[in-house]
Amino acid sequence: MIKTLIVSVMVILMSGSVVAYNAGLGYMSNLPKECYGLSFIQLREGVGIAIDFRADWNTPTKANSYGTITKYKAESVFSDIQTSEKISNTGIGTALTFPLADSVYGFVGLVFYTQKTYLKYYDSYQILSSSGDYWIQGKDKKTIRVQGGLVFRNDKTYILVGISGEPIGVMVGFGVLFF
């Protein structure tokens, strides 16, 4: 996903029509679930574009993770008990930007969203780990949702606020315009 975002931004930057207008990079989040992210935005007189990547990086360590063990196998074959779960959220958003007033822009677009669930089990015989705890992959959820909001532009900076449909949250971002 990160490679796709980087390649997309590079292609956009190399196109002559984008570089000639106010484009910038910044921080992006979708609170409360996806707290870390990166955004590229283009603000211009006509229609511009915005691309963002955001995630929470809430994944278990690989040391005690087993991709080949299913929930059925952990509970029915091993008779292990599920003790907790972690949910990891990742979103890649694309949007169109458009001017609303002097230094105020709107944006509307789509978010390609992935939610991964990790299940923690306890093995009383401590076969799979020295502590008895281990993680397996749960079900994944992939959806496409809408996002939209406002961008407030200064000479060299911008602030973004909006709403995302999946996971439902408040989008907050800021960045530096470099063209």
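1. Buried means under 20% relative accessible area, exposed over 50%, and partly exposed in between, with a 1.4 Å probe and protein chains only. At 30% relative accessibility, Gln 82 therefore counts as partly exposed. Gln 82 sits in strand E5, residues 81–101. Helices (H or I, at least four residues) and strands (E, at least two) are DSSP runs numbered from the N terminus.

2. Ground rules. This is a predicted model, in which local features need pLDDT of at least 70, side-chain atom pairs count only at pLDDT 80 or more, and totals for chains, interfaces and linings use all residues. Residues are numbered from 1 along each chain as its sequence is written, and side-chain values use heavy atoms, with hydrogens and water left out.

3. Confidence. pLDDT is the predictor's confidence in each residue, from 0 to 100. The protein chain has a mean of 87, and 88% of its residues reach 70 or more. Helix H3 (residues 71–77) is highest, at 95, and helix H2 (residues 16–19) is lowest, at a mean of 47. Over residues 16–20 pLDDT stays under 50, and the model gives this stretch seven contacts beyond four places in sequence. Contact means heavy atoms within 4.5 Å. Where pLDDT is low, the predicted coordinates should not be read in detail.

4. Gln 82 again. Not counting residues up to four places away, Gln 82 touches Lys 71, Glu 75, Leu 119, Lys 120 and Tyr 121.

5. Gly 24 belongs to strand E1, residues 22–31. Gly 24 is buried because its relative accessible area is 0%. Val 176 is 152 residues away along the chain, yet the two C-alpha atoms are separated by 5.3 Å. Beyond four places in sequence, Gly 24 contacts Ser 39, Phe 40, Ile 41, Tyr 158, Val 176, Leu 177 and Phe 178.

6. Cores. A nonpolar core is a set of buried Ala, Val, Leu, Ile, Met, Phe, Trp, Tyr and Cys residues joined through side-chain atoms within 4.5 Å. The largest has 12 residues, among them Met 28, Ile 41, Phe 107, Leu 160 and Leu 177. Strands E2 (36–43), E6 (104–122), E8 (157–165) and E9 (168–177) each give two or more residues to this core. A second, separate core of six residues includes Ala 74, Leu 119, Tyr 121 and Tyr 134.

7. Cavity. On a 1 Å grid over the protein atoms alone, a cavity is a set of points where a 1.4 Å probe fits but cannot get out; a pocket is an open set with protein on both sides within 12 Å along at least five of seven lines; lining residues have an atom within 4 Å of a point. One cavity of 30 Å³ or more is counted. The largest cavity holds about 60 Å³ of space. Its lining includes Met 28, Ile 41, Asp 52, Gln 147 and Met 171. E2 and strand E3 (48–55) each supply at least two lining residues.

8. Lining residues include Thr 59, Lys 62, Tyr 118, Trp 135 and Gln 137. Strands E4 (65–66) and E7 (133–153) are the elements giving two or more residues to that lining. E7 gives the most, with three.

How values were computed. Grid points are joined across faces, edges and corners, and a volume is the space filled by probe spheres set on the points.
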